[in-house]
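Subject: Structure for your review

Dear colleague,

Please find below the structure I am handing over to you. A summary of the findings follows it.

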Amino acid sequence: MRLIVAGQEAVTASEFAELAFGIDVELFTGADDETAADTVVRLDVARDVLRDLAPEPARYASALMRTAERNRTLVWKAAA
């Protein structure tokens, strides 16, 4: 099944979310190689963006942030 949003084909679920909601998924989930300082700045910007989003994209982005934080915590505990 092909997922087409606004005339563009989404190959992954992240691409679909970016096209459908107009948000950058990595802004809310982060990158594996980001430093603590980068994380602080990214989360600050993400919170500002959340305030400006429509309700449905805001709920999705907020869920991405919670899930990403939970995954980072699990990885950190597993490495300890």
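A residue is called partly exposed when its relative accessible area falls between the limits for buried, under 20%, and exposed, over 50%. Glu56, at 42%, is therefore partly exposed. Please note that the model is predicted.

Overall fold. The chain holds 4 helices and 2 strands, in the order β-β-α-α-α-α from the N terminus. Of its 80 residues, 22% count as buried. The accessible surface amounts to about 5,800 Å², and carbon and sulfur atoms account for 57% of that area. Among contacts between residues at least 6 apart in sequence, 33% link residues at least 24 apart.

Salt bridges. The whole structure contains 3 salt bridges. In one of them, Glu56 pairs with Arg59 at 2.5 Å, N to O; these two residues of helix H4 (residues 55-79) are about one helical turn from each other because they are 3 residues apart. Arg51 and Asp48 also form a salt bridge, with 2.5 Å between the closest N and O atoms, and both belong to helix H3 (residues 36-52). Arg51 is exposed at 62% relative accessibility, whereas Asp48 is partly exposed at 36%. Glu34 and Arg42 form a further salt bridge through their side chains, at 2.9 Å, N to O; both of these residues are buried.

Surface charge. A patch of negative charge on the surface brings together Glu15, Glu18, Asp24, Glu26, Asp32, Asp33 and Asp38. Glu18 sits in helix H1 (residues 13-21) and has a relative accessible area of 34%, so this residue is partly exposed.

With kind regards

Technical notes
Residues are numbered from 1 along each chain as its sequence is written. This is a predicted model: local features need pLDDT of at least 70, side-chain atom pairs count only at pLDDT 80 or more; totals for chains, interfaces and linings use all residues. Side-chain values use heavy atoms; hydrogens and water are left out. Patches are made of residues with over 30% relative accessible area and no salt bridge: like charges are joined within 9 Å, nonpolar side chains (Val, Leu, Ile, Met, Phe, Trp, Tyr) within 5 Å. Accessible areas come from the Shrake-Rupley method with a 1.4 Å probe; for residues, only the protein chains shown count as cover. A salt bridge is a side-chain nitrogen of Lys or Arg within 4 Å of a carboxyl oxygen of Asp or Glu. Lys and Arg count as positive and Asp and Glu as negative; His and the chain ends are not counted. The place of a charge is taken as NZ of Lys, CZ of Arg, CG of Asp or CD of Glu. Buried means under 20% relative accessible area, exposed over 50%, partly exposed in between (1.4 Å probe, protein chains only). Contact means heavy atoms within 4.5 Å.
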